[in-house]
Amino acid sequence: TYTLTVAGITSEPYTIGGITIDPTKGPVGQEVAVSGVGFAAEESVRVTFDPRAVAPLKPVVVTVRAGTGGAFGTTFVVPTRVADDYFVTAVGGAITHTVTFTVEVPVPTITLSPATAVPKTTIKISGEHFPGGARVLVRWAAIDGMLIGFVSTDAAGRFTTSVTIPLAIPGAHPIFVHQEAVPRIADNKTLTIPSPVIKLTPPKGPVGQPVIVAGESFPALSTIVIRWKGRTPGHIMLPPEALTNALGAFSTGITIPVDLSGPQKIYAYVRDFASPAPESLPLIFARASYTIEPGVPRIGVKEGFHAIWGRLDHSVWRFMDGEWRQHHTDPIKHAMIDPAKRFEHLDAGMAYWFFLKEPIEAVLVGGMRWTLSAGWHNRGWIP
């Protein structure tokens with residue numbers, strides 16, 4: 001409200017008319033508040049968005065009555081328009097005021113829930129600001145990557161869908177969602193696949209020690225192979241194979257094989273993701289260290305003996321009445337005549353000739369503790 005003074009004479013208070021809008025820009029569907037002053041008291045004011053609209057588009061018209069002071073307030077909702085500047089007018093009996101509203105086209109946006117997941121599990125993808133009633137495609141790793149899902153948006157351009165994460169290595173993997181046939185209308189977010197891990201219980205002990213291998217962050221519902229020292233078929237596989245649950249976790253029991261004292265590696269890898277080439281390494285794996293401690297290992301015959309040939313000593317060692325005794329019998333009978341049965345007939349405590357490809361530390365043979373070097377030996381044996 002203003003007054004004007006000329007030659008000492010002051011005019012009656014008056015108001016410079018005008019309108020304001022809040023906000024001055026926004027997307028389709030935005031509610032806009034319109035305030036006006038300087039209109040005639042209690043006159044009807046016609047507020048119009050896009051008065052120059054051409055059919056089939058129509059302007060938005062709201063009629064409001066000014067107060068006794070000539071002010072008014074009202075709202076309107078921005079109709080469907082392309083991104084551009086549009087007039088908003090307020091017309092009274094003898095007054096017209098105009099301002100500009102900018103229609104913005106919001107950028108399509110997607111959200112991943114969760115944003116970290118293991119392969120072969122399901123995540124939810126939500127999106128907004130896509131074209132209404134449009135079909136959108138969900139792709140893995142690139143805008144033209146593997147199709148892993150599709151869904152249609154609602155009238156407001158929103159959607160929610162679920163997709164299954166494909167088998168992939170740990171790391172960051174982008175997921176793209178775009179309007180079908182219009183790849184420029186798109187958004188992408190990064191999904192993180194965690195690295196799998198395994199835990200050994202106990203983490204150390206002698207040869208022959210039963211150990212629980214527990215793993216997590218592996219692909220869900222996948223077969224896990226456990227190997228000693230390495231990931232290739234050339235390394236010892238420790239049965240049984242395990243199957244991960246729906247969250248990518250597993251637990252299985254193994255027995256520590258014959259090896260030298262000290263730290264050794266145990267590998268767990270996804271059999272389904274191994275390359276068909278035997279020399280290639282599996283890409284999804286975890287490893288942990290098991291320390292073999294010196295002790296009296298309990299070694300099965302097949303694991304302890306790499307070969308048994310040559311002369312047999314017919315003396316038999318047996319533990320009786322708290323001590324080791326030597327007897328002169330031959331319970332293996334035709335073991336060397338039928339090589340396929342030679343392991344089957346080996347008795348605990350019997351003395352044999354056997355050949356070791358690698359040394360074995362602290363083995364109980366013939367009732368005594370021995371360190372056996374590689375080569376030929378003639379000893380009593382207890383598994």
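The largest pocket has a volume of about 580 Å³. A pocket here is an open set of points on a 1 Å grid over the protein atoms alone, where a 1.4 Å probe fits, with protein on both sides within 12 Å along at least five of seven lines, and lining residues have an atom within 4 Å of a point. Grid points are joined across faces, edges and corners, and the volume is the space filled by probe spheres set on them. The model is a predicted one, in which local features need pLDDT of at least 70 and side-chain atom pairs count only at pLDDT 80 or more, while totals for chains, interfaces and linings use all residues. Residues are numbered from 1 along each chain as its sequence is written, and side-chain values use heavy atoms, with hydrogens and water left out.

Of the 21 residues that line the largest pocket, Val28, Val105, Pro106, His129 and Phe130 lie nearest its centre. The lining divides by residue class as follows, with Ala, Val, Leu, Ile, Met, Phe, Trp, Tyr, Cys and Pro counted as nonpolar, Asp, Glu, Lys and Arg as charged, and the others, Gly among them, as polar.

| Class | Residues in the lining of the largest pocket |
|---|---|
| Nonpolar | twelve residues |
| Polar | four residues |

Strands are DSSP runs of E with at least two residues, and helices runs of H or I with at least four, numbered from the N terminus.

Proline 257 lies in the loop between strand 24 and strand 25 and is buried, with a relative accessible area of 9%, where buried means under 20% (1.4 Å probe, protein chains only). Leaving aside neighbours within four places in sequence, proline 257 is in contact (heavy atoms within 4.5 Å) with Val207, Trp228, Leu238 and Ile292.

The protein chain has one helix and 32 strands, and buried residues make up 39% of its 383 residues.

Methods
Buried < 20%, exposed > 50% of the residue type's maximum accessible area, 1.4 Å probe, protein only.
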